[in-house]
Amino acid sequence: MDFIYLDNNATTPLNPVVLESMLPFLKEDYGNASSVHELGRRARTALEKSRGQIADLFNAKPEEIIFTSCGTESDNYAILGTAYLPENRHKQIITSKIEHHAVLHTVEFLEKQGYPAVYLDVDENGIIKLDQLEKALEKETSLVSIMYANNEVGSLQPIEQIAKMCNEKGVKFHTDAVQAFAKHPVDMSKIPIDMLSLSAHKIYGPKGVGAMYIRKGVKLFRLMHGGHHEKNKRPGTENVAGIVGLATAARRLQNNHEEENKRLSLLRDKLQTALLNNIPDCYVNGMNAARLANTLNIRFDYVEGESILLHLDMEGICASSGSACTSDTLEPSHVLLAMCVPKERAHGSIRFSLGETNTEEQIDKVIDLMPTLIKKLRSMSPLGHKSNK
Amino acid sequence: MYSEKVMDHVRNPRNVGEIKDPDGYGMVGNPCCGDVMEMFLKIENNIIVDIKFRTFGCGAAIATSSMVTEMIKGKTLEEALNVTNKQVTKALDGLPEQKMHCSVLAEQGIRAALYDYYSKHNLPVPEGLKQSKTVKCAD
Ligand SMILES: Cc1ncc(COP(=O)(O)O)c(C=O)c1O
Ligand SMILES: [Zn+2]
């Protein structure tokens, strides 16, 4: 079956050009970048070239980039690495209610160890409230961690303003840019971001490789112990093929981001408009937010998200939901709840996230299919029509 | 994640719909938890001659509702009362661990509809049968 893959915020297909760039380091150039011989030097050269390329994308210095195993590791290092510095012990940490679990659960972990934590609210469009941040910053704070773009609804946070507010107070600022990296370029010479997390598999690169921007002079408590890799910050033999893939993917996307963002937002808006027009009682979560071009989170009253996904899956269409009953808590998505979507409606939400492999033809197929599918599920649902019991 | 049997019931649920003037009716679950099920029974001579359901819920909730209607159609009330979650999930070749809590609706739905039948017809309600809880969201 030919899939229609609309789950690009979960992960993306590996781009063939990216794969091609990785292959030499999985085959003939297999050296360890720390070795002195020719194969080692080749690996080192590729590694440092990739570092320089990523640094260039941020208008940063190569020594400000370290490679990690994923976005989650980068988030953990930024947060725990800051909090565990002796001067930051038990100082307040500020984050938001809509962070990815890689950030949220890390801050909760610190909270259990006695670190005061503030979880900023968001408005109905999934954007944090700056006055609340300002207020929270009145208390002595070691770190603010706010995501660049939300993975579920796509809302883009006012990162530049947040960075400046933190900078004025001398508070370190970290942003999880896993969903925004290479789609929304960041110039580190203009925005005072101290740390930024990114991941390769959201930008048509391989899984299991990420990176971190750490501004020169920003100190982190060492979490992993081993060799002297990555400026003594992150031991472990570097995943050279993965890192080369990350750099290739990032350059490809960022060099083309304006065009691709425009193409994706046209397709996304077409899908959004058609669903809103053709299906009654459906609403876009984060409708009026500045949003990632590829993301559509939409809810259908009276039906449950997973049942929609299963029916889409039967047609080869891949999407996702923050469905409750995959968790033990029965709670729907924490992001939608923070946006004050009522629980029973949050359960009926699904996310379409588009990517570079999607065509207009595919979107048209989804547009054709959805009204019938929702109608079928609604006819099976006890909610939303007066029963004749 | 789901067995072939589960997917078959999600694709083609059996006995979906409603029965006008049912002899027994029950609604269980809670929309805030993402699962609500409605059960309609037609009963003649102590036998369930027709049964229909409607479900708002995930694949597991739909499949267990559908399966339980197949299992008790044509059965006596006593037989229907003895059907358990375990039997329903077993008939579906199992459910993922985190979905087990969605399967309780099927058993609850049957019992709620049977309670309604017994009490509406002034019959002695078998021990342990309870009225279905009203479905409402707390917040
Ligand atoms: C916003 C955000 N942060 C962090 C992550 C985790 O990244 P990774 O899968 O590379 O650990 C993801 C994706 O899963 C994400 O969407
Ligand atoms: Zn469920």
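Which residue of chain A forms a salt bridge with B:Lys99? Hold that thought for a moment, everyone.

A word on the model: it is predicted, local features need pLDDT of at least 70, side-chain atom pairs count only at pLDDT 80 or more, and totals for chains, interfaces and linings use all residues. Residues are numbered from 1 along each chain as written, chains are lettered from A in the order written, and side-chain values use heavy atoms, without hydrogens and water.

Now the answer: the partner is A:Glu306, with the closest N and O atoms 2.4 Å apart. A salt bridge here is a Lys or Arg side-chain nitrogen within 4 Å of an Asp or Glu carboxyl oxygen. The rule finds 1 of these across the interface of chains B and A.

Let's look at the rest of that interface. Chain B brings 33 residues to the contact and chain A brings 28, contact being heavy atoms within 4.5 Å. About 2600 Å² is buried between the two chains, and carbon and sulfur atoms give 66% of that area. Buried area is the accessible area (1.4 Å probe) lost by two parts on being put together, summed over both. On the chain B side, B:Cys33, B:Arg54 and B:Phe56 lose the most area to chain A, together 21% of what that side buries.

Finally, chain A has a residue worth a look on your screens. A:Asp75 is buried yet has no salt bridge, and A:Lys202, the nearest side chain of opposite charge, is 9.9 Å away. Buried means under 20% relative accessible area (1.4 Å probe, protein chains only); for charge, Lys and Arg count as positive, Asp and Glu as negative, with His and chain ends not counted.

Technical notes
Buried < 20%, exposed > 50% of the residue type's maximum accessible area, 1.4 Å probe, protein only.
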